[in-house]
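Hello,

Here is the structure you were waiting for. My notes follow below it.

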Amino acid sequence: MYREEIKEERNQLLRSFIVPLAFMVVCWLVKGVEEVFHLDFSFLGIKPLEVDGIPGIFLFHFLHGSWSHLFANTLPIIVLGACLYYFYKPIATKIWLLLMFSTGLLTWCGARGGVHIGASALIYGLAFFLMLSGFIRRNRNLVIVSLLVIFLYGSLIWGIYPRYAIENHISWEGHLAGLIMGVALAIVYRNEGPQREKPEDDEDDFDDEDPYWDVPEPPKEELTQPRYPKGYRR
(Lines give C-alpha, C1' and ligand atoms only; values in the text may rest on other atoms or scores of the structure.)
Protein backbone atom coordinates (compact mmCIF):
# COMPACT_ATOMS: atom_id res chain seq x y z
CA MET A 1 0.00 0.00 0.00
CA TYR A 2 2.79 2.44 0.93
CA ARG A 3 4.61 1.80 -2.35
CA GLU A 4 1.41 2.37 -4.30
CA GLU A 5 0.91 5.72 -2.58
CA ILE A 6 4.47 6.76 -3.37
CA LYS A 7 4.01 5.74 -6.99
CA GLU A 8 0.76 7.70 -7.28
CA GLU A 9 2.37 10.80 -5.77
CA ARG A 10 5.25 10.52 -8.23
CA ASN A 11 2.88 10.15 -11.17
CA GLN A 12 0.84 13.13 -9.99
CA LEU A 13 4.02 15.21 -9.73
CA LEU A 14 5.07 14.24 -13.24
CA ARG A 15 1.60 15.01 -14.63
CA SER A 16 1.74 18.48 -13.11
CA PHE A 17 4.55 19.39 -15.55
CA ILE A 18 2.62 18.45 -18.70
CA VAL A 19 0.78 21.73 -19.35
CA PRO A 20 3.60 24.16 -18.47
CA LEU A 21 6.12 22.12 -20.48
CA ALA A 22 3.76 21.92 -23.46
CA PHE A 23 3.22 25.66 -23.26
CA MET A 24 6.95 26.36 -23.29
CA VAL A 25 7.56 23.89 -26.13
CA VAL A 26 5.16 25.95 -28.25
CA CYS A 27 6.99 29.14 -27.28
CA TRP A 28 10.34 27.63 -28.23
CA LEU A 29 8.97 26.31 -31.52
CA VAL A 30 7.61 29.75 -32.41
CA LYS A 31 10.96 31.37 -31.67
CA GLY A 32 12.79 28.63 -33.57
CA VAL A 33 10.62 29.16 -36.65
CA GLU A 34 11.32 32.90 -36.48
CA GLU A 35 15.06 32.27 -36.39
CA VAL A 36 15.22 29.57 -39.05
CA PHE A 37 13.00 31.35 -41.58
CA HIS A 38 14.01 34.90 -40.63
CA LEU A 39 10.50 35.85 -39.62
CA ASP A 40 9.12 38.22 -37.02
CA PHE A 41 5.79 37.33 -35.44
CA SER A 42 5.71 40.34 -33.16
CA PHE A 43 2.95 41.83 -35.32
CA LEU A 44 0.71 39.22 -33.64
CA GLY A 45 1.32 40.78 -30.23
CA ILE A 46 -0.99 43.10 -28.34
CA LYS A 47 -1.50 46.56 -29.80
CA PRO A 48 -3.57 48.33 -27.16
CA LEU A 49 -7.00 49.52 -28.27
CA GLU A 50 -6.30 48.64 -31.90
CA VAL A 51 -8.46 46.21 -33.82
CA ASP A 52 -5.51 44.43 -35.39
CA GLY A 53 -4.10 43.96 -31.88
CA ILE A 54 -7.05 41.85 -30.72
CA PRO A 55 -5.46 38.52 -31.80
CA GLY A 56 -2.59 39.40 -29.50
CA ILE A 57 -4.90 38.97 -26.50
CA PHE A 58 -4.65 35.24 -27.11
CA LEU A 59 -1.24 35.00 -28.83
CA PHE A 60 1.13 37.44 -27.09
CA HIS A 61 2.09 34.90 -24.40
CA PHE A 62 3.76 32.70 -27.04
CA LEU A 63 5.87 35.47 -28.60
CA HIS A 64 9.27 36.63 -27.33
CA GLY A 65 11.55 39.37 -28.56
CA SER A 66 14.82 37.48 -28.05
CA TRP A 67 16.30 34.22 -26.86
CA SER A 68 17.25 35.83 -23.56
CA HIS A 69 13.64 36.94 -23.12
CA LEU A 70 12.49 33.37 -23.75
CA PHE A 71 15.13 31.90 -21.42
CA ALA A 72 14.09 34.28 -18.63
CA ASN A 73 10.46 33.15 -18.85
CA THR A 74 11.00 29.42 -19.28
CA LEU A 75 11.92 28.30 -15.76
CA PRO A 76 9.32 30.45 -13.93
CA ILE A 77 6.52 29.16 -16.17
CA ILE A 78 7.54 25.54 -15.58
CA VAL A 79 7.99 25.92 -11.81
CA LEU A 80 4.89 28.01 -11.14
CA GLY A 81 2.76 26.03 -13.57
CA ALA A 82 3.79 22.74 -11.98
CA CYS A 83 2.93 24.13 -8.52
CA LEU A 84 -0.48 25.17 -9.79
CA TYR A 85 -1.26 21.75 -11.30
CA TYR A 86 0.14 19.80 -8.36
CA PHE A 87 -1.42 21.69 -5.46
CA TYR A 88 -4.57 23.06 -7.15
CA LYS A 89 -5.34 20.24 -9.56
CA PRO A 90 -9.19 20.54 -9.50
CA ILE A 91 -9.11 24.17 -10.67
CA ALA A 92 -5.66 24.40 -12.29
CA THR A 93 -6.74 24.39 -15.95
CA LYS A 94 -9.50 26.91 -15.24
CA ILE A 95 -7.04 29.26 -13.52
CA TRP A 96 -4.43 28.82 -16.27
CA LEU A 97 -6.85 29.65 -19.10
CA LEU A 98 -8.48 32.54 -17.25
CA LEU A 99 -5.08 34.06 -16.55
CA MET A 100 -4.04 33.75 -20.18
CA PHE A 101 -7.17 35.47 -21.48
CA SER A 102 -7.74 38.07 -18.76
CA THR A 103 -4.16 39.34 -18.65
CA GLY A 104 -4.22 39.76 -22.41
CA LEU A 105 -7.54 41.59 -22.29
CA LEU A 106 -6.44 43.97 -19.53
CA THR A 107 -3.18 44.70 -21.34
CA TRP A 108 -5.06 45.43 -24.57
CA CYS A 109 -7.47 47.73 -22.74
CA GLY A 110 -5.02 49.69 -20.61
CA ALA A 111 -1.43 49.47 -21.83
CA ARG A 112 0.53 52.24 -23.49
CA GLY A 113 1.14 52.22 -27.22
CA GLY A 114 3.46 49.78 -28.92
CA VAL A 115 3.51 46.00 -29.19
CA HIS A 116 3.37 43.86 -26.05
CA ILE A 117 4.66 40.29 -26.19
CA GLY A 118 5.93 37.61 -23.80
CA ALA A 119 4.71 35.21 -21.13
CA SER A 120 5.60 37.54 -18.26
CA ALA A 121 1.98 38.48 -17.64
CA LEU A 122 1.13 34.81 -17.14
CA ILE A 123 4.11 34.42 -14.79
CA TYR A 124 2.88 37.31 -12.65
CA GLY A 125 -0.64 35.87 -12.62
CA LEU A 126 0.57 32.45 -11.50
CA ALA A 127 2.97 33.87 -8.92
CA PHE A 128 0.45 36.14 -7.21
CA PHE A 129 -2.29 33.51 -7.32
CA LEU A 130 0.02 31.06 -5.55
CA MET A 131 1.32 33.70 -3.13
CA LEU A 132 -2.12 34.74 -1.91
CA SER A 133 -4.20 31.62 -2.27
CA GLY A 134 -2.38 29.62 0.39
CA PHE A 135 -2.90 32.31 3.02
CA ILE A 136 -6.57 32.75 2.12
CA ARG A 137 -7.25 29.02 2.43
CA ARG A 138 -5.15 28.73 5.63
CA ASN A 139 -3.93 25.34 4.51
CA ARG A 140 -0.52 24.52 5.99
CA ASN A 141 0.92 22.94 2.84
CA LEU A 142 -0.39 25.73 0.62
CA VAL A 143 0.98 28.41 2.95
CA ILE A 144 4.40 26.77 2.61
CA VAL A 145 4.01 26.96 -1.18
CA SER A 146 3.06 30.64 -0.87
CA LEU A 147 6.13 31.38 1.23
CA LEU A 148 8.35 29.49 -1.21
CA VAL A 149 6.99 31.47 -4.17
CA ILE A 150 7.51 34.72 -2.27
CA PHE A 151 11.10 33.68 -1.53
CA LEU A 152 11.82 32.72 -5.14
CA TYR A 153 9.85 35.38 -7.01
CA GLY A 154 9.18 38.18 -4.54
CA SER A 155 11.43 40.45 -6.58
CA LEU A 156 8.82 40.37 -9.35
CA ILE A 157 7.25 43.36 -7.66
CA TRP A 158 9.86 45.56 -9.36
CA GLY A 159 8.40 44.59 -12.71
CA ILE A 160 5.28 46.70 -12.12
CA TYR A 161 7.31 49.84 -11.28
CA PRO A 162 6.81 51.98 -14.42
CA ARG A 163 10.13 53.82 -14.44
CA TYR A 164 12.18 50.65 -13.95
CA ALA A 165 10.10 48.74 -16.51
CA ILE A 166 10.23 51.43 -19.19
CA GLU A 167 14.00 51.81 -18.84
CA ASN A 168 14.36 48.07 -19.40
CA HIS A 169 11.78 47.87 -22.20
CA ILE A 170 9.40 45.82 -20.04
CA SER A 171 5.62 45.80 -20.32
CA TRP A 172 4.81 46.82 -16.76
CA GLU A 173 1.14 46.99 -17.75
CA GLY A 174 1.16 43.29 -18.61
CA HIS A 175 2.86 42.53 -15.30
CA LEU A 176 0.30 44.63 -13.44
CA ALA A 177 -2.50 42.82 -15.26
CA GLY A 178 -1.03 39.51 -14.10
CA LEU A 179 -0.80 40.74 -10.50
CA ILE A 180 -4.40 42.00 -10.51
CA MET A 181 -5.84 38.84 -12.03
CA GLY A 182 -3.74 36.51 -9.87
CA VAL A 183 -5.04 38.20 -6.72
CA ALA A 184 -8.60 38.38 -8.06
CA LEU A 185 -8.73 34.69 -9.00
CA ALA A 186 -7.23 33.67 -5.65
CA ILE A 187 -10.15 35.46 -3.96
CA VAL A 188 -12.90 34.40 -6.36
CA TYR A 189 -11.93 30.71 -6.28
CA ARG A 190 -10.99 30.57 -2.60
CA ASN A 191 -13.77 28.03 -1.92
CA GLU A 192 -12.81 25.71 -4.79
CA GLY A 193 -9.98 23.23 -4.77
CA PRO A 194 -7.97 22.34 -1.63
CA GLN A 195 -9.25 23.86 1.60
CA ARG A 196 -8.12 24.44 5.17
CA GLU A 197 -7.19 21.29 7.02
CA LYS A 198 -9.69 20.49 9.76
CA PRO A 199 -8.25 19.54 13.17
CA GLU A 200 -8.59 15.90 14.05
CA ASP A 201 -11.01 15.24 16.90
CA ASP A 202 -10.19 12.88 19.73
CA GLU A 203 -11.95 9.85 18.37
CA ASP A 204 -11.32 7.79 21.52
CA ASP A 205 -13.86 9.86 23.43
CA PHE A 206 -16.54 9.18 20.88
CA ASP A 207 -15.72 5.52 20.54
CA ASP A 208 -16.19 4.88 24.25
CA GLU A 209 -19.12 2.50 24.60
CA ASP A 210 -20.20 4.09 27.87
CA PRO A 211 -18.76 7.61 28.19
CA TYR A 212 -19.34 9.37 31.45
CA TRP A 213 -21.63 12.02 29.93
CA ASP A 214 -24.04 9.32 28.73
CA VAL A 215 -24.63 7.82 32.19
CA PRO A 216 -28.32 8.44 33.04
CA GLU A 217 -29.06 10.62 36.02
CA PRO A 218 -30.93 9.03 38.95
CA PRO A 219 -34.60 9.98 39.37
CA LYS A 220 -35.24 13.17 41.26
CA GLU A 221 -37.09 11.25 44.01
CA GLU A 222 -33.90 9.40 44.84
CA LEU A 223 -32.04 12.66 45.12
CA THR A 224 -34.58 14.52 47.26
CA GLN A 225 -36.02 11.79 49.51
CA PRO A 226 -33.49 9.72 51.47
CA ARG A 227 -34.19 6.04 52.02
CA TYR A 228 -34.32 4.62 55.58
CA PRO A 229 -34.00 1.01 56.77
CA LYS A 230 -37.26 -0.94 57.18
CA GLY A 231 -38.93 -0.24 60.50
CA TYR A 232 -37.01 2.91 61.14
CA ARG A 233 -38.93 5.70 62.88
CA ARG A 234 -38.02 9.35 62.99
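What share of the protein's contacts with a separation of 6 or more comes from residues 24 or more positions apart? The share is 76%; contact means heavy atoms within 4.5 Å.

Some ground rules. This is a predicted model, where local features need pLDDT of at least 70, side-chain atom pairs count only at pLDDT 80 or more, and totals for chains, interfaces and linings use all residues. Residues are numbered from 1 along each chain as its sequence is written, and side-chain values use heavy atoms, with hydrogens and water left out.

Overall make-up. The protein has 11 helices and 0 strands. Both are DSSP runs, numbered from the N terminus: helices are H or I with at least four residues, strands E with at least two. Of the 234 residues, 37% are buried, meaning under 20% relative accessible area with a 1.4 Å probe, protein chains only.

Helix α4. This helix covers residues 67-87. Its 21 residues should span 30 Å at 1.5 Å a residue, and the end C-alpha atoms are 30 Å apart, so the two agree. The expected span is 1.5 Å times one less than the number of residues. Buried residues in α4 include L70, N73, P76 and Y85. Their cover includes α2 (18-36), α5, α6 (120-137) and α7 (140-153).

Residue T107. It sits in helix α5 (residues 92-110). T107 is buried because its relative accessible area is 0%. Beyond its neighbours within four places in sequence, T107 contacts I46, P48, H116, E173, G174 and A177.

Best regards

Definitions and conventions: Buried < 20%, exposed > 50% of the residue type's maximum accessible area, 1.4 Å probe, protein only.
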